[in-house]
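Here's a quick look at a protein with a ligand in place. Have the viewer open while you read.

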Amino acid sequence: MPLGKFITLEGMEGAGKSTNLAYLCSMLDAQGLVYTVTREPGGTPLAEEIRRLLLAPREEKMVPLCELLLVFAARAQHIEAVILPALKRGEWVISDRFTDATFAYQGAGRELGTARVNELEQFVQGELRPDLTLFLDVPLDIGMQRVAKRGELDRFEREQSEFFQRVRAAYLARIEADPERFIHIDASRELSIVQSEIAKAAGELMKNTKQA
Ligand code: TMP
């Protein structure tokens, strides 16, 4: 049984990840592919508990290193319990965020730097990397306006725009360093245009998989 493909969806806050994730799944359905949809932080009951710790606003300041280690603790559980078993069954795995978010939010946003995230990535994931990553980009002000409309803000959404500028710059740097894996999508355009780009990228991966 060949391994399934691993697709991750990343994006700025308020970029429309949920809508586009549903669209991506409908594409896989149309092709009759078997897949697992999951998310980070989270994806297992234990990892979802860690997610709650990470997202809940709290009086005590969570130090950046604690945040980084919690993210990878959740990821270790998620990889072993959900991602690897699904890939080994030959399923595709679609994850709403993965380690690029750690480089962006903890490495750059929290200014922990790339080296530490690289080390943990290697330690926790071994060789596991996404086959394709879609990055949904929107200008900060548009994204934050959308987020504000959703109601109560989580611990990350309460950050200042400088934090999100560092997050976005880190995503862009990762895209530049690995253009083969990433598709950079301007998600401020009409949904139909955004989705046609998603369809093209996923379609190519499906085609390559059939040919391989
Ligand atoms: P969401 O917005 O996709 O639900 O993700 C929850 C938040 O978690 C989002 O603000 C980004 C943040 N996050 C990190 O800070 N580091 C990570 O490694 C991941 C996966 C998410």
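The notes below start with the overall fold and then move to the ligand site.

Keep in mind that this is a predicted model. The protein chain has eight helices and five strands, and reading along the sequence gives the pattern β-α-β-α-α-β-α-α-β-α-α-β-α. Its C-alpha trace spans about 50 × 40 × 30 Å along the principal axes. How does the radius of gyration of the chain sit against that of a compact globule with 212 residues? The chain has 17 Å and the globule would be near 17 Å, so the two agree.

Now for the ligand. The space it takes up is the largest pocket. There are 16 residues around the ligand, and Glu-13, Lys-17, Arg-51, Arg-97 and Thr-102 come nearest. By type, the shell splits into seven nonpolar, two polar and seven charged residues.

Which helices each supply at least two residues of that shell? They are H2 (45-55), H3 (64-88) and H4 (99-109). H4 gives the largest share, with four residues.

| Residue | Side-chain atom | Ligand atom | Distance |
|---|---|---|---|
| Arg-51 | polar | oxygen | 2.7 Å |
| Thr-102 | polar | oxygen | 2.6 Å |
| Gln-106 | N or O | nitrogen | 2.8 Å |

Technical notes: Residues numbered from 1 in each chain as written. Predicted model: local features only at pLDDT ≥ 70, side-chain atom pairs only at ≥ 80, totals over all residues. Heavy atoms only, no water. Near = heavy atom within 4 Å. Polar contact = N/O pair within 3.5 Å; in protein donor to acceptor, adjacent residues only side chain to side chain. 1 Å grid on protein atoms, 1.4 Å probe; cavity = no way out; pocket = protein on both sides within 12 Å on 5 of 7 lines; lining within 4 Å. Sits in = over half its atoms within 2 Å of the grid points. Nonpolar A, V, L, I, M, F, W, Y, C, P; charged D, E, K, R; others polar. Rg over C-alpha atoms; globule rule 2.2 N^0.38 Å.
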